[in-house]
Amino acid sequence: MARTPADTKPVLNRLRRAQGQLGAVIAAVENGGSCRDVVIQLAAVSSALDKAGFQIIATAMQKCLDDPDDTTDPMTVEELQKLFMTLA
């Protein structure tokens with residue numbers, strides 16, 4: 001799927017945020033951080049990754065609606081639903 005910088009910037013921002021949060025989780029585990037802090041950070045990582053995935057799928061769905069005849073990266077409705085459900 002062809003992505004514009006406007007499409008990729010929010011996804012990359014979320015992924016970078018998740019990367020930073022994962023680093024904090026690893027550091028907390030290595031340094032004996034509290035269970036509560038580790039789980040809270042882990043939940044933040046999971047949420048950031050989910051939101052990045054949903055953003056990618058939303059972009060693909062919008063592309064299909066805007067230009068249904070574009071064959072550069074064909075995806076059926078069923079394929080998009082399956083991708084969406086993978087994150088649900």
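Helix α1 buries V11, A18, Q21, V25 and A28. Buried here means under 20% relative accessible area, exposed over 50%, and partly exposed in between (1.4 Å probe, protein chains only). Helices are DSSP runs of H or I with at least four residues, numbered from the N terminus. The model is predicted, so local features need pLDDT of at least 70 and side-chain atom pairs pLDDT 80 or more, while totals for chains, interfaces and linings use all residues. Residues are numbered from 1 along each chain as its sequence is written, and side-chain values use heavy atoms, without hydrogens and water.

Helix α1 covers residues 5–30. Its 26 residues should span 38 Å at 1.5 Å a residue, and its end C-alpha atoms are 36 Å apart, which agrees. The expected span is 1.5 Å times one less than the number of residues. G32 follows α1 and has a positive phi, near 70 degrees.

The buried residues of α1 pack against α2 (35–66). The two axes come within 8 Å and cross at roughly 160 degrees. Axes are lines fitted to C-alpha atoms over the stretch in contact, with angles from 0 to 180 degrees between N-to-C directions. The angle therefore makes α1 roughly antiparallel to α2, a term for angles over 145 degrees. Contact means heavy atoms within 4.5 Å. Among the residues making this contact are L15 and L22 of α1 and L42 and I56 of α2.

Helix α2 also holds M61. At 40% relative accessibility, M61 counts as partly exposed. The C-alpha atoms of M61 and P74 are separated by 11 Å, and these residues lie 13 residues apart along the chain.

Terms used
Helix = DSSP H or I, 4+ residues; strand = E, 2+ residues; numbered from the N terminus. Parallel < 35°, antiparallel > 145°, perpendicular 65-115°, else oblique.
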